[in-house]
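Open the model in your viewer and keep the sequence beside it.

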Amino acid sequence: MASKPLTRAAVSLTFGVLLAAGLSLSGAAVAAPQVITLTQVPCEFIEAENGVDHGFTSSKKADCDAINAKTGAERLAKAEVLTLKAGEYLFKVTNKNVPYELGFWLREADYDWRNPLDRLTKTSVSGGGLFIGQTQEYAITLTPGEYLYSCPLNTTPDYRLVVTE
């Protein structure tokens, strides 16, 4: 009986099981990604705002657009710059109490989503579907440089992330 070639799904599943077990394809131990926890409330990420929940209320994206037009620049100037070492990360993002769908977008600081070349060559991870009380995980490899993270669906400032060697 001839063996069938592995499908992409089977290869991904096998690789995922190896990573979950802390092994590489060679059988050597692999360091688990560092977990970064972020909490979204209306118009902000609490951790980026030095642990402060400003108590904004929002029932739609336009509310945050207006709030951040008034307060975003000042808050961003005081925001904590997240500084990490290069490596593997798992960002766990929670929608604490925003009554509409949220997302998460982490990208290189000079990333332009309209530029097809950037979409092929620059780092960007994003996703939506984050409803009240839910947490989603975003895996990413970070190399030295400057990044931004935000939520375009719950308009937040573009918070800075700096990755060192």
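This is a predicted model: local features need pLDDT of at least 70, side-chain atom pairs count only at pLDDT 80 or more; totals for chains, interfaces and linings use all residues.

A residue is called buried here when its relative accessible area is under 20%, and exposed when that area is over 50%.

**Stop 1: helix 2**

Select residues 61-78, which make up helix 2, and colour those of its residues that are buried: Cys 64, Ile 67, Asn 68, Gly 72 and Arg 75. An α-helix has 3.6 residues a turn, so residues three or four places apart point the same way. Against what do the buried residues of helix 2 pack? Showing strand 2 (44-45) and strand 9 (159-164) as well will bring up the two strands against which these buried residues pack. Then follow the helix along its axis to Thr 71, on which a kink of about 60° is centred.

**Stop 2: Cys 64 and its surroundings**

Stay in helix 2 and select Cys 64, which counts as buried because its relative accessible area is 0%. Show next the residues in contact with Cys 64, leaving aside neighbours within four places in sequence, and you will find Pro 42, Cys 43, Ser 58, Tyr 100, Asn 154 and Thr 155. A further selection, Thr 156, lies 92 residues from Cys 64 along the chain, yet the C-alpha atoms of the two are separated by 7.2 Å.

**Stop 3: two loop residues with positive phi**

From Cys 64 move to its contact Cys 43, which is placed in the loop between strand 1 and strand 2. Although Cys 43 is not a glycine, its phi is positive, at about 70°. Asn 50, in the loop between strand 2 and helix 2, also has a positive phi without being a glycine, in this case of about 60°. Is each of these residues buried, exposed or partly exposed? Cys 43 counts as buried because its relative accessibility is 0%, whereas Asn 50, with a relative accessible area of 46%, is partly exposed.

**Stop 4**

Now turn to the four strands that form an open sheet in the order 2-1-4-7, with mixed pairing. Strand 2 and strand 7 are its edge strands, each of them pairing on one side only. Within this sheet, select strand 4 (residues 87-95) together with strand 7, and you will see that the two run antiparallel and are joined by eight bridges; one place to look is Tyr 89, whose bridge partner in strand 7 is Ile 140.

Leu 38 can be picked out in strand 1 (residues 34-41), and it counts as buried because its relative accessibility is 2%. Beyond its neighbours within four places in sequence, Leu 38 is in contact with a group of residues including Phe 45, Phe 91, Phe 104 and Tyr 149. Thr 94 is another of its contacts, and although Leu 38 and Thr 94 are 56 residues apart in sequence, their C-alpha atoms are 6.4 Å apart in space.

**Stop 5: the partners of strand 9**

Strand 3 has a covered face, made of Leu 82 and Leu 84, and an uncovered one, made of Thr 83 and Lys 85. In a regular strand the side chains alternate between the two faces of the sheet. Strand 8 (residues 145-150) is antiparallel to strand 9 and is joined to it by five bridges; here Tyr 149 has Tyr 159 as its bridge partner.

**Stop 6: core and aromatic rings**

Finally, look at the largest nonpolar core, which has 30 residues, and select the members that touch the most others: Phe 45, Phe 91, Phe 104, Leu 106, Leu 142, Tyr 149 and Leu 161. Several aromatic residues gather into one cluster, formed by Phe 45, Tyr 89, Phe 91, Phe 104, Tyr 138, Tyr 149 and Tyr 159.

The count of aromatic pairs comes to nine. In the pair of Phe 104 and Tyr 138 the ring centres are 5.1 Å apart and the planes lie at 45°, so the pair is tilted. This pair links distant parts of the chain, since Phe 104 is in strand 5 (residues 102-108) and Tyr 138 in strand 7 (residues 135-142), 34 residues apart.

Key: Residues are numbered from 1 along each chain as its sequence is written. Side-chain values use heavy atoms; hydrogens and water are left out. A nonpolar core is a set of buried Ala, Val, Leu, Ile, Met, Phe, Trp, Tyr and Cys residues joined through side-chain atoms within 4.5 Å. Buried means under 20% relative accessible area, exposed over 50%, partly exposed in between (1.4 Å probe, protein chains only). Contact means heavy atoms within 4.5 Å. Rings of Phe, Tyr and Trp (its six-membered ring) pair if their centres lie within 6.5 Å; planes under 30 degrees apart count as stacked, over 60 as edge-to-face and the rest as tilted. The bend at a residue is the angle between axes fitted to the seven residues ending there and the seven starting there. Two strands pair if DSSP finds at least two bridges between them.
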